[in-house]
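Dear colleague,

Please find the structure below, handed over for your records. My notes on it follow directly after.

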Amino acid sequence: MIKKRYEIGNCREGFGIMNHYTVGMAGHIDHGKTTLTKVLTNIDTDRLKEEKERNISIELGYAPLKLSDEMEVSLIDVPGHERFIRQMIAGVAGIDLVMLVVASDEGIMPQTREHIDILRLLGVEQGIIVVTKIDRVDDEMRELVELDIREAVEGTFLEESLLFFVDSLSCKGIDELREGIKNGLVGRPTRDASGAFRLPIDQVFTVHGQGTVVRGTVYEGNVNEGDVLELLPQRISVRARQLQVHHQSRKRGRAGQRVAVNVGGVSKDEIKRGDVLVASGHYETTETIDVALSTVADLEFSLKQRGAIKLHIGTAEVYGKIVFFDRNELAEGNETIVCQLRLDEPIVTRRGDRFIIRRPTPMETVGGGTVIDPHGTKYRFGKETVHMLEQKKNATPAERLDQILLEKKVMQIKEASKELNIAEDELLEITHKNEHVYQLPGGELTSKRVIRSLRESLQTELDRYHATFSLREGIKKAEIVQSYIQTYPKKIVDWLLEEGVKQQWFNIRGPYVALPSHTPHPPQQWQKRVERVLHELKNEGLQVTALQNHLTGQQIPQTIHEELIHYFHQQEMLFQLDDKLSIHEVPFKEAVWKLKQETNELFALNEAKVATGLSRKYLVPFLEKLDKLGLTIRQESERKWRVAAVEDWLDRKS
């Protein structure tokens, strides 16, 4: 006998691709959802004592639904009672297909209508309608119920949905319903398993001898037995010790599957429904989210600016307040606006996640929609903010990447992947196609517009600096870095300076940064007087008078004396002996050459005095200058020539 091949790693069963789907059931209380689930799956999802006693569903019920060898389906039985609307929202968030269940003997009820609204607001696009308990009514009543249903779903995603008549006790229509569910799922795209793992938790319990177990539907990514994960918002590191999919042990769970994870490193009391199990380091929590909100058509009560709301997102339920930017009150139904939710507790979400907003009191579903930006900040009230949020809502991933990089300047690939809610592979593909994005040598991403802005800003500053301080070499590199890291990350400033030299945007001479076109020079209006000062000093030879006297004598303004002196020394037009005396480069070089010719490798002070003809007042600082230039080395009462250094220096000065 040939055994059926089953490979967890690549999600294949036999030789066909195994697709994973979640099907939810919604509808009014006591319309037969749990009984229908049992008929379809042979599993009673009412497991609590109170559920058995009261004959109503309180918690979400889950069961595997076998339709074909290519489909793995999780069926969710959602509580229908108004008091359990929270569980209902948690159950239908993330489903691929919904069955709207309506009892033939009651028809459309208030809870049915609210469930239809919630399904629409959560972005559910595929559904079928199931009319139960048909053995209780005659053909005429069936027709009336069908008309009632068609009227209720008119204008919704269920308007063109197939309608099935079934009876769970006699099993009438069950086979046709199975085929209808299967046909509704065929060709449906499955959840993205390429992103980082995320599982919103809807059940927490303990198993004797095993410890803590959490359960939920995997929103995205994969999880493997043994993976190190993170529990958010608590930021607790845990390990996936064992995995199960509908009570069957697996080595891997993937997006779209109903997965139970035996987590090590955390107790049951530390976890609650609404927490999220994620791939370590790939997700962050937030308390401020920008959203696009669509309101229900029949909004009964108005919602004031900064009014209290209850947010349902994933499996979480969090209180907070709503902030409008174009109104002080939300009174009209059936419209879509951009606004912000400021929450009392942190949540885990990404751009594109669906949510529902309800009013805490009086209790009412206000609307729902999608997350535009999971990390919103405070904005001003007005049209500009609304326009910005609208642009953010409609932007493509490439456009959003451009915008984020313009704001943050430099980002790690993993960080950008989090912000954009896309896989790293997809991000790199966008990066390679986007002419505005540049990848730094270390792998970080930046915008070419950021680079251009920084480059142009620095070039403008250098140009202005050279015009004001024409005598200086440039701005010290350390000062540039310190100035620009207030606005730009240090990494990109350092990179720009390095790249700028290669591209000939800048010159770096020692510690100074300058434009390539810049050569230090005296201000044009004082150029001739400066030349006369140098001529006077050249004629004085070695025994010079104070440099300050020459500058004053030529009536050069006192305000530029210090700059000019620094320029003379920096450019080695003059060689400074002490605070007052500086020798012109020509007589200084001639004196060095003459001294080298008339002394041996070692020479004493008296020999230098004879060779140069200098008095002690000038001779001592002259010889100390040779030491500073690295031409000689003092050895007790003598000095030793550094022959190679002297030859190189004399050649350079020729």
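This is a predicted model: local features need pLDDT of at least 70, side-chain atom pairs count only at pLDDT 80 or more; totals for chains, interfaces and linings use all residues.

Residues are numbered from 1 along each chain as its sequence is written, and side-chain values use heavy atoms, with hydrogens and water left out.

Helices (H or I, at least four residues) and strands (E, at least two) are DSSP runs, numbered from the N terminus. In helix H1 (residues 33–41), the buried residues are Lys33, Thr34, Leu36, Thr37, Leu40 and Thr41. Buried means under 20% relative accessible area, exposed over 50%, and partly exposed in between (1.4 Å probe, protein chains only). These residues lie on the same side of H1, because they cover an arc of only 160 degrees around the axis, taken from the directions from the helix axis to the C-beta atoms. Just after H1, Asn42 has a positive phi of about 65 degrees.

In S38, Arg639 is the bridge partner of Phe603.

Arg639 also forms a salt bridge with Asp627 (2.9 Å, N to O), a salt bridge being a side-chain nitrogen of Lys or Arg within 4 Å of a carboxyl oxygen of Asp or Glu. Arg639 is buried, at 9% relative accessible area, whereas Asp627 is partly exposed, at 23%. The structure holds 27 salt bridges.

Yours sincerely

Definitions and conventions. Two strands pair if DSSP finds at least two bridges between them.
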